[in-house]
There are 2 protein chains.
Amino acid sequence: MALLVQKYGGTSVADLERIRHVAERIARTRAAGHDVVVVVSAMAGETNRLLALATQAAAQPDEREADALAASGEQVTAALTAIVLRGMGVPARSFQGHQVRIETTNAFGRARIVRIDQERLRGVLGGGVVAVVAGFQGVGGDGSITTLGRGGSDTSAVALAAALAANACEIYTDVDGVYTSDPRVVPSARKLDRIAYDEMLELASLGAKVLQIRSVEFAKRYAVPVHVRSSFHDGEGTWVVQEESTMEEVSVAGVAADRDQAKLTVLGVPDRPGVAASLFGPIAHAGIVVDMIIQNVSADGSTDLTFTVPRGDYEKACRLVETIARDIAARGVTGQLGIAKVSIVGLGMRTHAGIAARMFEVLSAEGINIQMISTSEIKISVVIDEKYTELAMRALHDAFVPPAA
Amino acid sequence: MALLVQKYGGTSVADLERIRHVAERIARTRAAGHDVVVVVSAMAGETNRLLALATQAAAQPDEREADALAASGEQVTAALTAIVLRGMGVPARSFQGHQVRIETTNAFGRARIVRIDQERLRGVLGGGVVAVVAGFQGVGGDGSITTLGRGGSDTSAVALAAALAANACEIYTDVDGVYTSDPRVVPSARKLDRIAYDEMLELASLGAKVLQIRSVEFAKRYAVPVHVRSSFHDGEGTWVVQEESTMEEVSVAGVAADRDQAKLTVLGVPDRPGVAASLFGPIAHAGIVVDMIIQNVSADGSTDLTFTVPRGDYEKACRLVETIARDIAARGVTGQLGIAKVSIVGLGMRTHAGIAARMFEVLSAEGINIQMISTSEIKISVVIDEKYTELAMRALHDAFVPPAA
């Protein structure tokens with residue numbers, strides 16, 4: 001007998017028919033002798049509907065009130081799920097964040113979980129009752145309703161699993177699990193049976209979008225085994241777990257691409273202390289998130305500085321950088337929209353030498369020019385011309401990711 | 001400077017445009033130097049939508065969960081109203097029942113308010129902030145969300161006004177106030193400037209539907225002055241207040257009719273102790289609310305017993321009573337659907353003799369036969385053939401209600 005936390009996303013609870021499917025799965029889990037804590041998102045589209053109401057109500061809706069508004073979506077799903085379960089004869093009880101209670105910071109719209117009171121849920125579970133918890137929400141220090149930000153229900157689920165020392169946190173979604181690459185681009189992409197937290201973190205930040213990145217950080221910190229699986233069938237999905245010795249055998253766990261990238265280069269930047277700060281300070285202040293930064297060694301007392309920004313911030317960044325370039329007496333600014341970042345991720349990189357060299361070889365053999373390179377301990381990213389994205393992904397996947405056993 | 005509780009019903013907050021109107025009124029009240037606590041209902045139709053979801057989710061939705069579901073409607077309105085207010089520069093803050101906190105019994109769907117913690121609201125008001133409270137809801141002893149039953153937002157508002165010792169509780173609605181009769185039936189019906197709690201209680205129970213009856217009981221118990229007024233203009237509505245000496249001058253405050261009535265007569269009931277109990281016990285047990293009961297003095301060791309039930313329960317009551325009639329050896333059962341109860345209500349009846357006699361005269365002059373009569377200290381009701389309802393109302397109104405000064 002295990003204690004399982006099951007999280008169902010918006011598409012899995014989109015209407016009463018799907019909620020009934022979810023309830024049947026919960027009933028089966030319980031019938032198999034397990035204790036179950038369920039975490040639900042708002043019905044698909046509901047959070048957007050509520051937030052649209054908020055922005056119609058005021059140009060800049062108050063954040064506390066927007067959270068109180070948005071949190072009602074998960075409350076509805078939790079109550080409906082409990083009603084369906086009880087209608088099927090399964091004892092169940094819904095809980096809002098404040099009822100659990102899930103204490104958070106008061107940072108509305110992006111609150112962080114501070115503490116979870118597990119006593120109440122333990123009492124409920126001890127009575128053989130399924131606890132259905134509204135995801136995405138908590139209660140701030142002053143009793144205000146808070147929300148955890150987009151995808152926050154993943155974090156709710158993992159945090160509850162951590163607090164209750166659950167045997168696993170199951171994330172039910174509309175895909176089968178975590179893939180070695182995007183199957184729509186790379187036909188040979190396959191589902192991973194297991195992936196390490198650190199690998200998942202790198203893949204999540206690269207746009208794999210299966211799990212909210214904060215939930216993976218939480219899972220890693222508290223060593224919560226996370227099982228990403230389909231809500232449409234009973235097949236095993238992907239386990240996101242602590243690094244294991246057997247994982248080392250595979251050098252690369254996945255190949256990811258991010259097309260939401262644009263590149264700016266400041267030419268002939270005078271090579272003196274403080275120049276980088278005077279460039280990136282105002283950009284950060286304008287709320288633009290800079291991803292990769294490349295600065296070559298100075299040759300003639302000046303250097304070229306290249307960096308990437310989200311595509312939507314490109315125009316704004318250009319205007320800003322052109323002003324700064326004049327101020328710091330740089331030679332000029334060039335930029336490019338049509339680029340993509342392609343990355344390979346794997347724990348094995350730590351011990352397998354030559355992965356980077358081989359990556360560059362593979363791309364070169366396809367005639368793909370590398371514009372920028374960035375590396376971390378378990379990841380290598382390259383920026384290339386956007387039109388080569390799919391070709392690069394397929395070539396790298398074929399070269400690095402072994403076929404399923 | 002006063003402390004005012006303002007309650008806005010579902011039609012007053014039906015969409016964002018109406019919520020903006022409501023917010024402007026609140027802003028004006030605050031600009032006039034008053035502290036304001038606002039109580040809002042769910043947007044029109046929303047409670048029905050949520051409860052329909054519940055009954056689609058399960059044939060007999062769990063009551064606790066149905067309350068958690070339904071309470072989300074008021075939460076949405078409260079947050080949206082606060083967002084609009086803040087967008088207009090008016091400091092405001094939304095509160096759910098458990099945040100206030102409004103403690104209730106655990107009788108889901110019909111919870112009763114036990115205690116209101118006024119400290120938190122006082123602190124908010126002290127800071128010059130408008131408190132926007134979700135009506136209709138509270139928190140049970142175990143932390144569960146509860147609702148107060150249909151029209152419960154009126155009760156929320158009056159209870160808050162009582163707890164805060166507010167100067168008045170303003171109930172904003174889509175009518176101008178409380179009328180001496182239904183203006184669609186009685187053209188000379190006029191708005192009352194003032195009405196006593198007891199009169200309002202009798203009128204509310206007779207179907208006047210302006211105020212939820214429990215809110216009037218609450219207002220009476222705590223002597224809360226209630227001002228029923230239109231949310232569409234600034235004119236004075238009707239004050240529901242404690243009995244005043246000047247009120248005695250008017251003998252009848254209003255004429256009301258209730259068409260939701262059906263009549264059953266058990267003929268030849270043996271006149272022995274316990275017979276009434278054996279008849280009405282099973283009826284109450286079946287959840288049928290009996291309104292008027294008439295039993296004549298026994299003549300030949302048996303009597304006829306007539307009573308009224310809601311029209312929707314007529315068939316059920318007939319089947320039940322026919323069985324019982326056989327058991328108690330009564331002679332038979334007859335019944336009639338097409339009846340109506342017409343009532344006149346007024347404090348003045350206590351001191352003005354002959355009101356009942358005059359009422360019967362007025363009806364007789366119109367050729368209307370009286371089938372049943374029931375009286376209380378401040379009310380006389382008669383059951384008549386339904387087709388005479390409007391005629392009776394107009395005749396009684398002309399005879400008893402003085403025209404406006």
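Chain B superposes on chain A by a rotation of 179° with 0.1 Å of shift along its axis, at an RMSD of 0.2 Å. The superposition is by least squares on the C-alpha atoms of residues with pLDDT of at least 70 in both copies. The two copies are thus related as by a two-fold rotation axis. This is a predicted model, in which local features need pLDDT of at least 70, side-chain atom pairs count only at pLDDT 80 or more, and totals for chains, interfaces and linings use all residues. Residues are numbered from 1 along each chain as its sequence is written, while chains are lettered from A and ligands numbered from 1 in the order in which they are written.

Start at the axis. Of the residues of chain B, S72(B) comes closest to it, with its C-alpha at 2.8 Å. The same surface serves both copies: 100% of the contact residues of chain B recur in chain A. Two residues are in contact if their C-beta atoms, placed from the backbone, lie within 7 Å.

How many residues does each chain give to the contact? Chain B gives 27 residues and chain A gives 27 residues. On the side of chain B that touches chain A, the elements giving two or more residues are α2 (46-57), α3 (63-87) and α4 (97-100) of chain B. Helices (H or I, at least four residues) and strands (E, at least two) are DSSP runs, numbered from the N terminus. The largest share of that side, 14 residues, comes from α3(B). By type, the side of chain B that touches chain A divides into 16 nonpolar, eight polar and three charged residues. Here Ala, Val, Leu, Ile, Met, Phe, Trp, Tyr, Cys and Pro count as nonpolar, Asp, Glu, Lys and Arg as charged, and the others, Gly among them, as polar.

In chain A, the peptide bond from V100(A) to R101(A) is cis, with omega near 5°. R101(A) lies in the loop between α4 (97-100) and β4 (102-104) of chain A. In chain B, the bond from V100(B) to R101(B) is cis, with omega near 5°. R101(B) sits in the loop between α4 and β4 (102-104) of chain B.

Two phi angles deserve a look as well. Most residues other than glycine have a negative phi, and most peptide bonds are trans. F136(B) has a positive phi of about 75° although it is not a glycine. This residue is in the loop between β6 (130-134) and β7 (137-139) of chain B. Is F136(B) buried or exposed? F136(B) counts as buried, with 27 C-beta neighbours inside 10 Å. The cut-offs are these: a residue is buried if 20 or more other C-beta atoms lie within 10 Å of its own, exposed if 12 or fewer, and partly exposed in between, with C-beta atoms placed from the backbone. A329(A) has a positive phi near 60°, and is also not a glycine. Its place is the loop between α10 (314-327) and β16 (332-345) of chain A. A329(A) is exposed, with 11 other C-beta atoms within 10 Å.

Next, the domains. Chain A is divided into domain 1 (3-243) and domain 2 (255-400), with bounds from an automatic or database domain assignment. Their C-alpha centres lie 34 Å apart. The contact takes 15 residues from domain 1 of chain A and 14 residues from domain 2 of chain A. On the side of domain 1, the largest share, seven residues, comes from helix α7 (residues 197-208) of chain A. That side of domain 1 divides into seven nonpolar, four polar and four charged residues.

S230(A) lies in strand β11 (residues 226-230) of chain A. S230(A) is partly exposed, with 17 other C-beta atoms within 10 Å. Not counting residues up to four places away in sequence, S230(A) touches T173(A), V175(A), D176(A), G235(A) and G237(A). S230(A) and D176(A) are 54 residues apart in sequence, yet 4.7 Å apart in space, C-alpha to C-alpha.

Finish with α12 of chain B. In α12(B), the residues A392(B), M393(B), A395(B), L396(B), H397(B) and F400(B) are buried. The buried residues of α12(B) pack against β13 (254-270), β16 (332-345), α11 (355-365) and β18 (379-385) of chain B. A404(B) lies in the segment after α12 of chain B. A404(B) counts as exposed, with 10 C-beta neighbours inside 10 Å. The C-alpha atoms of A404(B) and L192(B), 212 residues apart along the chain, are separated by 8.6 Å.
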